[in-house]
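This report describes selected packing features of a protein model. Please keep the sequence and the structure in view while reading.

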Amino acid sequence: MEKRKKSDFSPLADRFAGSCAGLLIGDALGAPVEGWPWQRIMRRHGWLEEMVPGRLPAGSYTDDGQMALGLLESLVREEGFDPAACAARWLVLYDPARGYGRRIGGIMAALDQGRSWDTVGTESYGNGAAMRIGPLGAWYHSSPERLVQAALESASITHRHPQALAGALVQALAVAQALCLGLERRPLDPAKFIPPLIRSAKEIDPESAGRLEPLSGPPPRGREALRERLTSLFACDVRAVEAVGPALGAVLWTGSFKEAVVLAVNLGRDTDTLGAMAGAVAGAYYGLSAIPVRWLETLENGPLQGRDYMIELAGKAAKLLSAG
């Protein structure tokens, strides 16, 4: 991997790229153990901290990362969020081998047949809208009202259930808030970080909002205790209401990018998505320069869909935002 000095990127670009690369890394770290309960991960790997091969080669990202990449491409090309352009990029990039669910396959088929982006979504309460939304939170980090509108519009392309919409909104706002705090070099204080997310989620789905409340309190000490607490609060599965919270907790209750992503993945169950969401928030706060080099070097880096391309796009996005 090409070595970058911290001065190569502006503070905004470092955090924008950190969020995007962090999403891919969390996705790739968790992908080989997707669906496993944490006890099985522990028996096989101990605390999983390195990228290992699974259904795909070590370092490969899944549908989570591919859809985030399509979203980022559309943001840069359109210089803002355009739902039709975003849906079109998702269709171009769509690769079933990445692990897309059957429902998303049906949506892609409908788009391919010429259906409009605003007619293909379903009443799914899954976390698929939240898993990919990181770049949107980074793009609109300084425009909260526009972010709310764009986040709900983005989610509704595929997910229309209130819990899915609330989860995507919370994840987007969390990325934006983390990026701003990182730029200001202010701490991630759960007691201050969580309440604004609860207020925003409550307008969409009160249950989703209420599930976030325990995260505003002090964390237990030690990663085993953290895992026990988060897995007692959330099922960590494919439902947005059970996945967004533990990913946030993994970030807010740890003290580094690595600790956040490792904890999220080792909660078990929907490990690639938990890792992707935690990586997007943690990367927005800590920046690209805080991501372990060995993880970046292992991350998939194929033409037009790999690590360097994602980081380059994030840098372009930051320049567009700075110029505007």
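Does Ser154 count as buried or exposed? At 0% relative accessibility, Ser154 counts as buried, where buried means under 20% relative accessible area, exposed over 50% and partly exposed in between (1.4 Å probe, protein chains only).

## Basis of the report

The model is predicted: local features need pLDDT of at least 70, side-chain atom pairs count only at pLDDT 80 or more, and totals for chains, interfaces and linings use all residues. Residues are numbered from 1 along each chain as its sequence is written, and side-chain values use heavy atoms, with hydrogens and water left out.

## The surroundings of Ser154

Ser154 belongs to helix 8; helices (H or I, at least four residues) are DSSP runs, numbered from the N terminus. Apart from residues up to four places away in sequence, Ser154 touches Phe81, Trp90, Arg132, Ile133 and Leu136, contact being defined as heavy atoms within 4.5 Å.

## The nonpolar core

A nonpolar core is a set of buried Ala, Val, Leu, Ile, Met, Phe, Trp, Tyr and Cys residues joined through side-chain atoms within 4.5 Å. The largest such core in this model has 115 residues, and those with the most contacts inside it are Phe81, Leu136, Phe193, Leu197 and Leu248. Helix 9 (residues 162-183) supplies the largest share of this core, 12 residues. In soluble globular proteins, nonpolar side chains tend to be buried together.

Phe81 and Leu136 are both touched by Ser154. Phe193, leaving aside its neighbours within four places in sequence, is in contact with Ala174, Gln177, Ala178, Leu181, Leu188, Leu248 and Leu252.

## Helix 8 against helix 9

Helix 8 (residues 144-156) packs on helix 9 at an angle of about 135°, and the two axes are 9 Å apart. Axes are lines fitted to C-alpha atoms, for helices over the stretch in contact, and angles run from 0 to 180 degrees between N-to-C directions. Helix 8 is therefore oblique to helix 9; angles under 35 degrees count as roughly parallel, over 145 as roughly antiparallel, 65 to 115 as roughly perpendicular and the rest as oblique.

The crossing of helix 8 and helix 9 is right-handed, a crossing being right-handed if the near helix is turned clockwise from the far one by less than a right angle, and left-handed if anticlockwise. On the helix 8 side, Leu147, Val148, Ala151, Leu152, Ala155 and Ser156 meet Leu165, Ala168, Leu169, Ala172, Leu173 and Ala176 of helix 9. By class, this contact has 11 nonpolar, 1 polar and no charged residues. Ala, Val, Leu, Ile, Met, Phe, Trp, Tyr, Cys and Pro count as nonpolar, Asp, Glu, Lys and Arg as charged, and the others, Gly among them, as polar.

## Helix 13 against helix 15

Helix 13 (residues 240-252) and helix 15 (residues 271-286) have axes 8 Å apart and pack at an angle of about 45°. Helix 13 is therefore oblique to helix 15, and their crossing is right-handed. Ala243, Val244, Pro246, Ala247, Leu248 and Val251 of helix 13 make the contact with Leu274, Met277, Ala278, Val281 and Ala282 of helix 15. By class, this contact has 11 nonpolar, no polar and no charged residues.

## Residues in other helices

Ala28, in helix 1 (residues 11-30), is buried, with a relative accessible area of 1%. Not counting residues up to four places away in sequence, Ala28 touches Met51, Gly59, Ser60, Tyr61 and Leu299. Pro83 lies in helix 4 (residues 83-93) and is buried, with a relative accessible area of 11%.

Trp38, in helix 2 (residues 38-45), counts as partly exposed at 27% relative accessibility. Leaving aside neighbours within four places in sequence, Trp38 is in contact with Arg227, Thr231, Asn266, Leu267 and Gly268.

## Loop residues with positive phi

Most residues other than glycine have a negative phi. Glu79, in the loop between helix 3 (63-78) and helix 4, has a positive phi near 55° and counts as exposed at 56% relative accessibility. Arg185 has a positive phi near 55°; Arg185 lies in the loop between helix 9 and helix 10 (190-202) and is exposed, with a relative accessible area of 72%.

Definitions and conventions: Helix = DSSP H or I, 4+ residues; strand = E, 2+ residues; numbered from the N terminus.
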